[in-house]
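Please read through the following structure with the explanation beside it. The text starts from one residue and then widens to the whole chain.

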Amino acid sequence: RHTRFRNVTGVQTCALPIYLGGRLDRDGLVSTVNLAPRVGTALQLTSSDRTMLRGGFGLFHARTPAIVGAFSSFTGYTDTRYRADGRTPVAPALAVAFTAAPDLTTAYSRTWDVSLEHRLSPEWSVHATLTSRDGLSEFLVSPVTGTGTATGELRLSSDGRSRYRDFEAGVHYLQGSRIDIR
């Protein structure tokens with residue numbers, strides 16, 4: 001895995017600083033090159049520097065687990081289902097093989113967050129943050145059985161998805177460099 005990262009900070013537009021960044025990854029297991037752009041900003045809402053609104057958006061590519069490259073070489077097995085008596089098969093035995101879809105891609109997520117922080121005093125502040133993450137092209141193993149055949153497979157694909165939402169609110173106390181409680 002080869003990675004290059006570039007960050008450009010403080011691009012000024014309309015008194016709103018915009019922070020640009022990006023990452024370029026080469027994923028050797030699924031033979032892809034992935035670009036992951038990111039952008040963020042911070043806006044001072046009061047002239048006293050006491051209230052800040054921050055936000056950002058970015059793409060984040062996951063590391064492909066090494067097991068993905070070896071999945072198709074796993075030893076198959078035979079699946080036999082039995083009735084309650086433990087001796088009588090319900091159906092013919094099923095030979096199961098491990099296969100990988102030919103179009104595997106690197107899993108990635110689209111993530112954004114918005115945060116509001118207000119400083120009550122030099123020591124005390126309150127904050128609230130909303131975060132959203134949508135995972136795409138995640139690795140997923142699904143059973144595939146042929147109708148009326150005695151073979152099946154466990155197929156690895158990039159068809160997985162996930163979604164995560166979080167809201168956090170908190171208080172922060174800071175006293176010099178000795179005490180920092182969140």
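**A walk through the predicted model**

Ser 137 is found in strand β8; helices (H or I, at least four residues) and strands (E, at least two) are DSSP runs, numbered from the N terminus. This is a predicted model, in which local features need pLDDT of at least 70 and side-chain atom pairs count only at pLDDT 80 or more, while totals for chains, interfaces and linings use all residues. Residues are numbered from 1 along each chain as its sequence is written, and side-chain values use heavy atoms, with hydrogens and water left out.

Ser 137 has a relative accessible area of 18%, so it is buried; buried means under 20% relative accessible area, exposed over 50%, and partly exposed in between (1.4 Å probe, protein chains only). The phi of Ser 137 is near 55°, a positive value in a residue other than glycine.

Strand β8 covers residues 124–145 and also holds Asp 134. Asp 134 counts as buried because its relative accessibility is 14%. Its side chain is joined to that of Arg 163 by a polar contact of 2.8 Å. A polar contact is a pair of N or O atoms within 3.5 Å; within protein, one must be able to donate a hydrogen and the other to accept it, and residues adjacent in sequence count only if both atoms are side-chain atoms. Not counting residues up to four places away in sequence, Asp 134 touches Tyr 108, Ser 109, Arg 110, Ser 162, Arg 163 and Arg 165, where contact means heavy atoms within 4.5 Å.

Ser 31 also has a positive phi of about 55° although it is not a glycine. Ser 31 is found in the loop between β2 and β3, and counts as exposed because its relative accessibility is 65%. β2 and β3 form a hairpin with 4 residues between them. The two strands, β2 (residues 16–27) and β3 (residues 32–44), run antiparallel and are joined by 10 bridges; strands pair if DSSP finds at least two bridges between them. Gly 22, for instance, has Pro 37 in β3 as its bridge partner.

Next comes the interior. In soluble globular proteins, nonpolar side chains tend to be buried together. Here the largest nonpolar core has 10 residues, including Val 30, Phe 71, Leu 94 and Leu 154. Such a core is a set of buried Ala, Val, Leu, Ile, Met, Phe, Trp, Tyr and Cys residues joined through side-chain atoms within 4.5 Å. The elements that give two or more residues to this core are β6 (94–100) and β9 (151–175), and β6 gives the most, with 3 residues. Leu 154 touches Phe 71, Val 96 and Phe 98, among others, when residues up to four places away in sequence are not counted.

Leaving aside neighbours within four places in sequence, Ile 181 is in contact with Val 171, His 172 and Tyr 173.

Now the whole protein. It has 1 helix and 10 strands, and 25% of its 182 residues count as buried. The mean pLDDT is 88, and 90% of the residues reach 70 or more; pLDDT is the predictor's confidence in each residue, from 0 to 100. Confidence is lowest in strand β1 (residues 2–13), at a mean of 54, and highest in strand β7 (residues 108–119), at 97.
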